[in-house]
Amino acid sequence: MSKKTLHIISLDIPYPPDRGSVIGIFNRIKAFHKAGVDVILHAFYKNFSLPKELADYCKSVYLIPREKIWNIVNTGWPLYIQSRRSDGLVANLLKDDYPILFEGLHTLFNFDDPRLATRNKWVRMHNIESKYYAHLAAIHNNPFKKMYYKRCV
């Protein structure tokens, strides 16, 4: 039996597992590893740091910088999705034909890329993002944060 391999696209570096979204992603990576699945992790980041612990569970890890907010052109997508647009990600995914797991709505900018049309793709939803960001916009007093969160709805 040949070894199974899966691409996982993470909205953030899933280590240390210290908050809800990355706890779930890290636990899924560990579970796939334990089940004998090779994981190729693609993780978006704001602050670069490659934890050595990920090498224990992943065949390979690609870190992808997030786009700065001021560099984003309005495409109609929420900012948290647009900031994770990456031609490099698509290039790495095109190196093989393994299935792809998109972890959360945040990672979906490249989901409909025509070059990935024949691939098996799944999305693991985390939250109802529009409600989450609408709530953050309502509770923040900082006008810049409020404006950012409103753009995310």
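In this report, two residues are in contact when heavy atoms of each lie within 4.5 Å. The model is a predicted one, in which local features need pLDDT of at least 70 and side-chain atom pairs count only at pLDDT 80 or more, while totals for chains, interfaces and linings use all residues. Residues are numbered from 1 along each chain as its sequence is written, and side-chain values use heavy atoms, with hydrogens and water left out.

**Strands and the first helix**

Helices (H or I, at least four residues) and strands (E, at least two) are DSSP runs numbered from the N terminus. Two strands are taken to pair if DSSP finds at least two bridges between them. Strand E1 (residues 4-10) runs parallel to strand E2 (residues 37-45), and seven bridges join the two. In this pairing His7 stands opposite Ile40 of E2. E1 also pairs in the parallel sense with strand E4 (residues 100-103), here over three bridges, and Ile9 stands opposite Phe102 of E4.

Burial is judged by relative accessible area: buried means under 20%, exposed over 50%, and partly exposed in between, with a 1.4 Å probe and protein chains only. By this scale E1 is mostly covered, with six of its seven residues buried.

The expected span of a helix is 1.5 Å times one less than its number of residues. The 15 residues of H1 should therefore span 21 Å, and the end C-alpha atoms of H1 are 21 Å apart, which agrees. The buried residues of H1 are Val22, Gly24, Ile25, Phe26 and Ile29, and they pack against E1, E2 and E4. An α-helix has 3.6 residues a turn, so residues three or four places apart point the same way. After H1 comes Gly36, whose phi is positive, near 90 degrees.

The loop between E1 and H1 holds Pro16. The peptide bond that joins Tyr15 and Pro16 is cis, with omega about 0 degrees.

**Salt bridges**

A salt bridge is counted when a side-chain nitrogen of Lys or Arg lies within 4 Å of a carboxyl oxygen of Asp or Glu. The count under this rule comes to eight salt bridges. Three of them are listed below.

| Pair | N to O distance | Relative accessibility |
|---|---|---|
| Lys3 and Asp38 | 3.7 Å | Lys3 52%; Asp38 22% |
| Arg19 and Asp18 | 3.1 Å | Arg19 36%; Asp18 52% |
| Arg85 and Asp87 | 3.0 Å | Arg85 35%; Asp87 48% |

Lys3 and Asp38 meet in a salt bridge of 3.7 Å, N to O. Lys3 lies in the segment before E1 and Asp38 in strand E2, so the pair ties together parts that are 35 residues apart in sequence. Lys3 is exposed, whereas Asp38 counts as partly exposed. In the second pair, Arg19 is partly exposed and Asp18 is exposed. These two residues also belong to a network of salt bridges that links Asp12, Asp18 and Arg19.

Arg84 is found in the loop between helix H2 (79-82) and helix H3 (87-93). For charge, Lys and Arg count as positive and Asp and Glu as negative, while His and the chain ends are not counted. Arg84 is buried yet has no salt bridge; Asp12, the nearest side chain of opposite charge, is 5.9 Å away. Leaving aside residues up to four places away in sequence, Arg84 touches Leu11, Phe44, Arg66, His106, Phe109 and Asn110.

Thr75 lies in the loop between strand E3 (60-65) and H2. Thr75 is partly exposed, with a relative accessible area of 46%. With residues up to four places away in sequence not counted, Thr75 touches Gln82 and Phe109. Phe109 is also among the residues that Arg84 touches.

Tyr80 is placed in helix H2 and is buried, with a relative accessible area of 3%. From C-alpha to C-alpha, Tyr80 and Arg115 are 23 Å apart in space, and they are 35 residues apart in sequence.
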